[in-house]
Amino acid sequence: MNNDSLLLVFIIGLALFLRIWDIGWNGFNGDESIYSGQAASLLGNEEFTSNFAVFRAHPLLLQSLVSIAFTLFGIQDTTARIVPVIFGMLTVFVTYLVAKQLFNKKIGLICSLVLALMPFHIVFSRQVIVDVPLSFFVVLFLYFITRYRETGTSFYCYLTGVSCGLCFISKEVGIITLPIFFVYTFLTHSLKLNKIHNLFLGFVSAVFPYFFLILTRQDASNAFYQYAMFQLERYGHGLSFKYYSILINEAFGYVLFILCIASAFVIWIESRKPNSKSYRDQVLLLGLTLGAFFLFYQLLPSTGDRFMVTLIAPGIILGCSILVTNTVKHMRLYNFGYIIIVPLIIFSTNLFLSKVFPIEDLRISDGLGTPWKREASLWIKNNTPANAGILTDNMPFANIIRFYSHHDVYAVTLSPNPSYLQVDNPAFLFLNNNISIVVQDLDPLRESKSTRELVKYLQFSDPKLVYTAYRHTLEDGKEIAVPMIRVYKVN
Amino acid sequence: MQFYKQAKFANYNCSSITPLLVFLIIFLFLLQNIVPANSTSNASHLSQSTEEDIKTNPIEHIIVIIQGGHSFDNYFGTFPYADGIPTDLKIPSNPFALENSTYIKPFHIEFTRYFKPNDDNYQLSYNNGSMNGFVYASRNVPNNAQNVMGFYNNKDIPYYWQFASEYVLAQRFFSPSMRSDLINSLYAIGADPLPYLNLKNIPEKGLEVNKTLFDELEKNRISWKVYIENYSAIKNMYPKERIKLLDNIPALGINRFNDNQSLQSHFEDLPVYYRDIRANNFPAVNYVYFTNTNDSPNTKVKQAQRVVATLVYALMKSSYWNNSAIILTQNEPGGWYDHVIPPINNNTKELYGFRVPAIFISPFARESYIDNHTYDISSVIRFIESSLEINSSLTVTKNASNILQAFDFTLSPRKPVYLEEISRETSLVKSNSTVGINKIYTISLLILVMIIIFWYYKTRSRR
């Protein structure tokens, strides 16, 4: 085994360690609860089937793989997280392959090391969310399209199609890889119409299980139709420039973001010079992928930073590619650049800057999961009757309680999401004695109109505080316990 | 000797006639008390109650829930058997230039619109009795003026429709005037608005109102409360900010009430309504006002009716149901279309405002009854006075009718009827058998991997 291979093994091991270490410290967030609940429902587990419909917004690739993990190791949050950790680790490996293919081995190693250490990627590849397998298959797509561009063979065209299909059945937005393929191959004059059928064959063979279920099961086709209508009827959130800047900085960090722009610019300029090696096609591919996904997400009425997970690997490859430019190569201490680039990118992320400057480490990150929500949910499971009706203020928290306690849970907020049990008037639940437990989320970062609504509903009866979950923190050198969740018994 | 003979006769007569006389006297006395002079006999034992039935009127708690503004046709224009929207109705967009007008028919509206009508709006809508100026009166509305012709139905306001179909729907209940919200709101609390007819809003210095229903209740030592949504927040507002909210709740703008601790103590936040019911501390007269979830044109009607239904259901589930009456009504029609020409208000000698929805809910309310008597909010106050035997000197009720006619106290109190809780499960929540779904994904992936491996080795062997 040569040094590069050893280094690669070390990097992958490091990626695995950072992603799996203390993976159970926090409980699920709302989305993790849903996907894991679906995975448990896939196994036919009755504690979950009543609360977690199998067919919802997204295809079931991740959920199927998580259900395999549940079968092997039992239904627990730590077990479910093994799947995204493996995907995260494999993303690091394939990023090496892509960067090596596009540029050289050194860049490959640098990119894989940056990705292995990237806080944003570490945080999200420890979560059971569909964006993690999507980010892996997008990088796989980049690899196969590069190989296809190089070899022009039907085999790699087929594999590109397969990776497009796998992107799609991870999360529907993965379909964007198909137009990326066509635009890239058209612009680089590598589009071969006589081989295109391989692309579609690969795509179809990958998406087969998804459409097979829609065509053969009433519940699957209902879900497909209802979610399609739900998504089409949602409106965009009118995001601002400030939001985008926070989003990009949170995901990439300041240095990587600047490097991406600089790299694309320098490579493009250099490609116009005669007698200089052109990396224009590589930049084109990476730029197309980043731009297409980013723009597509802005058309969708979704907010949040998790979709940036898909863009991290291509962004790192683009940013690190500055090291192959002649402009940088001719600089003094050029070799030093290979060493300094990794800490420069990592330490310019919010996680580290927040230790020095007054900014939050993850400002937008919606729902990392908390230990106290899991604690409260487990307390409810162990201390309330099985048929106790529970009311909380928001749907994500309701899903967390459902997963851990297996109770029916209502939420004050009314989401038009077709999967949620629509409760027109929570007040009636009190009047009809359907509610015996009220769970209040006291997290000041999460306070919303629905939190205040919940307080109003508490006044319908005489609540008795039965449990409080705390966050332990240091203030002026002393450890203090801050109440984060309160559980009330009513009626 | 002759005297003796007379005495004997007299003695003989007394001994035989006296029992007869006594019996006759007793009989006449009893007859007079059993059959009163000038009695009015009811043709049928199911007739409407009158004020003479006061001794048998079991109503001890009256709840008046006032929202605003929707017209009768807007809410119940398609209610079965009601005097609702006429067929083939259409209204010109400009009744003063018919040749350039388009014609708008009533239609089912699925959203609310923002609009605050003023005095001019009502007069324009009325258009000297033509009742065709509604669209024109709203021509400056930011969205489409033609939305005034919209109506809701049982899918939008199922609770209101359920109450109306189960109890009494008054289809001749008019808002007291075509003047401002403030004037109509003053009527609603029994205040004589004549001194304030030119007022559009409560002045910053407040109102000086001499007599209201609440004063009469105080005088007669009858318990009362006014529940106001978000009252705690309103109480803490600066007077200048608070005044803007008070056109619909004028009691809070009356200086006497604000300066008197004892009177102020009758005003509570809305959740106290539920606590008072639970604590068996529910007053005799209750007014309920909303601020956030008011039924005004720019608030979601579905949300508003849910809140109202919660109030009604809370009472239904309590021990107060058997001697209560709830009146749901609107302060004013909000600029929405109504086809009925308003008559003259006997009290003010001016035209009534347009019809507003009014539902009377009570175990004694006539079942599934559409009441055709002419009422306004002073009729409700008259009902309060008669039910609770209040010696009132309010001028607004002097000539008012009484909604007592919509009740039948000869029957036993009916049990409450609830609309089925609208909590629908979608077909997505429960899937059919889920066994095998993950197998489909797993097997498909395995097959895919096998194809790839097979193809890879085939390609390699070709080389």
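## Chain B in outline, and a sheet in chain A

Mentor: In this predicted model, chain B exposes about 22900 Å², and carbon and sulfur atoms supply 54% of that area.

Trainee: What share of the residues of chain B count as buried?

Mentor: Of its 463 residues, 52% count as buried, and for each of them this means a relative accessible area under 20%.

Trainee: In chain A, what makes the span of helix 20 close to the expected one?

Mentor: Helix 20, residues 371–383 of chain A, has 13 residues and reaches 18 Å from its first C-alpha to its last; the expected span is 1.5 Å times one less than the number of residues, which here comes to 18 Å, so the two values are close.

Trainee: Which residues of helix 20 of chain A are buried, and what covers them?

Mentor: The buried ones are A:Pro371, A:Trp372, A:Lys373, A:Arg374, A:Ala376, A:Ser377 and A:Ile380, and their cover includes helix 5, helix 21 and strands 1, 3, 4 and 5 of chain A.

Trainee: How do you know that strand 3 and strand 5 of chain A pair?

Mentor: Pairing requires at least two bridges, and five bridges join these antiparallel strands, so they pair. Within this arrangement, A:Ile437 stands opposite A:Lys489 in strand 5 of chain A.

Trainee: Why are strand 2 and strand 4 of chain A called edge strands?

Mentor: The open sheet has five strands in the order 2-1-3-5-4 (chain A), with mixed pairing, and strands 2 and 4 of chain A each pair on one side only. From one strand to the next, the twist averages 25°.

How values were computed
Residues are numbered from 1 along each chain as its sequence is written. Chains are lettered from A and ligands numbered from 1 in the order in which they are written. This is a predicted model: local features need pLDDT of at least 70, side-chain atom pairs count only at pLDDT 80 or more; totals for chains, interfaces and linings use all residues. Side-chain values use heavy atoms; hydrogens and water are left out. Buried means under 20% relative accessible area, exposed over 50%, partly exposed in between (1.4 Å probe, protein chains only). Accessible areas come from the Shrake-Rupley method with a 1.4 Å probe; for residues, only the protein chains shown count as cover. Helices (H or I, at least four residues) and strands (E, at least two) are DSSP runs, numbered from the N terminus. Contact means heavy atoms within 4.5 Å. Axes are lines fitted to C-alpha atoms, for helices over the stretch in contact, and angles run from 0 to 180 degrees between N-to-C directions.
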